[in-house]
Amino acid sequence: MNGSDFSSQFEGRLARPVLAKIPDFARQERLKHVIFAQQFDRDLLDHFSATASMIREISRTRPGQDFLTGLLSHKRAMLYFTQPSTRTFLSFMAACQILGITCNEIRDPSLSSEYKGESPLDSMRMFSSYFDVIIMRTPQAKFAESCAYLMNDLDKMGKRSVPIVNAGSGADEHPTQALLDIYTLQRTFEFTAKTDTSKATRFDQLQRKYPTLSKGLDGKVYGFCGDVGRGRTVRSLTTLLALWKNVSMVFIYPDYPKLAPYADMLARLEDAGIAISHAHSLDQVAAQLDMLYMTRIQHEHDTPEDRAFFETFDKSKFTLTPEILATMRDYCPILHPFPRNEEIPFEIDSDNRAMYFRQARNGMWIRAALLAHIFDVDGKIGSYYLRNYASAPTSSATAVPPR
Ligand code: CP
């Protein structure tokens, strides 16, 4: 075995339930590796959101930018992205730059010594010799997790070991996408507006039309539309939303097994007390949603049998048209991890509820907050913020004390 068969090398550890694995990815009550969405609890999510909002605010000024870039200017990151990416790759790179971390990348393994037969695990160990964190996206599920075990084993041997950050692993997880989705929802469900005054706020106005509306993520109906089964972003985000109270989820997908939510995800959500319902056409449920999370159909995973199904598939049932938009609640944010295909036409982009570009930008701030946490400089950011700004950060997450 040369290490390319990574799953057999770590078989016993990979086979455990996720919750049994979580302690392996922490170090002194701080995340070391970021592999699963289940590693984040409510306190940590609030902390990341508060840190992200502080970084956002601090970076508005030149002295603030200089402070941030000085924090980790002694660190180097490897961005190992052997699966295509625009947003995750660039927002991690921008997040590193905000904190002063120098970045290097491998995107095409045929240009590295993997082309000559080097195993991906040997490549990882090499990266750990040169860099201080490895941020990785690969087509193989469980590879990022295996790399984290490799680093832990190196650590136990007294060798150099660095954090692994999963930036999308096969079909199973995309934990940092879930972070930016939660951050976007937290900001959206503050229901604030620049026009708010002490006498009249956007929230008051919305409450007159929707009397049961409350601030925050509790008690909301979350809709997920499209390729629910093969979408790793849905798996990771539903895991985090289940941490809030009185949450309902509506899954809207073509009546085809591979596109339906997988049984393990549904079982986990049911165990968490989530009220779940299913639909096969967006127009039937759009009006009842507090959030709509659109996804594209991931045709790159299609088999010939799948292609035969899609020849007769009515994609209009999973497309957000202006007519459906008109039935939706005035405040219902529309999220999409992107890239999109035809499921959200361009004409929707100008609607105030279209959050997907803001959502992508939020990825940069929350990933900077995550890296600040991993490298233990989030406390310095909190202290700088409190010294230089009088009020709490502009996020639903109030200034949570440094962890
Ligand atoms: N949301 C997301 O993962 O986008 P990219 O594939 O462009 O990174």
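I counted a residue as near a molecule if one of its heavy atoms lies within 4 Å of it. The model is predicted, so local features need pLDDT of at least 70 and side-chain atom pairs count only at pLDDT 80 or more, while totals for chains, interfaces and linings use all residues. Residues are numbered from 1 along each chain as its sequence is written, and side-chain values use heavy atoms, with hydrogens and water left out.

**Ligand.** I found the ligand surrounded by Ser85, Thr86, Arg87, Thr88, Arg137, His174, Gln177, Pro337 and Phe338. I then looked up polar contacts, meaning pairs of N or O atoms within 3.5 Å. A ligand oxygen is 2.6 Å from a side-chain N or O atom of Ser85, another entry puts a ligand oxygen 3.0 Å from one of His174, and a ligand nitrogen is 2.9 Å from one of Gln177.

**Helices α9 and α11.** Helices here are DSSP runs (H or I, at least four residues), numbered from the N terminus, and axes are lines fitted to C-alpha atoms over the stretch in contact, with angles from 0 to 180 degrees between N-to-C directions. The axes of α9 (residues 175-188) and α11 (residues 232-241) come within 8 Å and cross at roughly 55°. The two helices are therefore oblique to each other, a word for angles that are not under 35 degrees (roughly parallel), over 145 (roughly antiparallel) or 65 to 115 (roughly perpendicular). With contact meaning heavy atoms within 4.5 Å, I noted that Gln177 is also among the α9 residues that meet α11.

Note on methods:
Polar contact = N/O pair within 3.5 Å; in protein donor to acceptor, adjacent residues only side chain to side chain.
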